[in-house]
Amino acid sequence: DWEDARLNIPLVEGDEVATSAGSRIELQFDSSTYVRIDERSSLRIVNLRNDGIALSLPQGTISVRLSEFDRDRAYFEVDAPGSTVAAQRSGVKIP
């Protein structure tokens, strides 16, 4: 069942977040990892572990901010239709 997002709502593996026209949302995974989801987008949390995060973006647009990322210690991946984006270093990536 879908429910409206609330400030600081906890998310777990398997949860999905969707936005409608004119709406956006930001997810904060830790103090240095943020995902901003644009309008008319859908995002599923595939893996949410200490050693990495994997997301699935079946539709829409996101921007990712990894201000402290070390690929030797963790992973960050986004699966989108026809491609997978894996973080290589800190920064911002808009798939």
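Start with β1 (16-18) and β2 (25-30): each supplies at least two residues to the lining of the largest pocket. Strands here are DSSP E runs of at least two residues, numbered from the N terminus. This is a predicted model, where local features need pLDDT of at least 70, side-chain atom pairs count only at pLDDT 80 or more, and totals for linings use all residues. Residues are numbered from 1 along the chain, and side-chain values use heavy atoms, without hydrogens or water.

A pocket is an open set of points on a 1 Å grid where a 1.4 Å probe fits, with protein on both sides within 12 Å along at least five of seven lines; lining residues have an atom within 4 Å of a point.

**Largest pocket.** The space is about 680 Å³. Select A5, I9, L11, I25 and L27, the closest to its centre of the 24 lining residues. β2 gives the most, five residues. The lining holds twelve nonpolar, four polar and eight charged residues.

**Second largest pocket.** Its volume is about 330 Å³. Now select D30, T33, N50, E68 and A74, the closest to its centre among 18 lining residues. β2, β4, β5 and β7 each give two or more residues to this lining.

**Core.** Next, show V35, I37, L43, L55, I62 and F76. Of the 16 residues in the largest nonpolar core, these touch the most other members. Such a core joins buried Ala, Val, Leu, Ile, Met, Phe, Trp, Tyr and Cys residues through side-chain atoms within 4.5 Å; buried means under 20% relative accessible area (1.4 Å probe, protein chains only). Colour β3 (33-37), β4 (42-49), β5 (52-59), β6 (62-66) and β7 (75-80): each supplies at least two core residues.

Technical notes
Buried < 20%, exposed > 50% of the residue type's maximum accessible area, 1.4 Å probe, protein only. Helix = DSSP H or I, 4+ residues; strand = E, 2+ residues; numbered from the N terminus. Points joined across faces, edges and corners; volume = space filled by probe spheres on them. Nonpolar A, V, L, I, M, F, W, Y, C, P; charged D, E, K, R; others polar.
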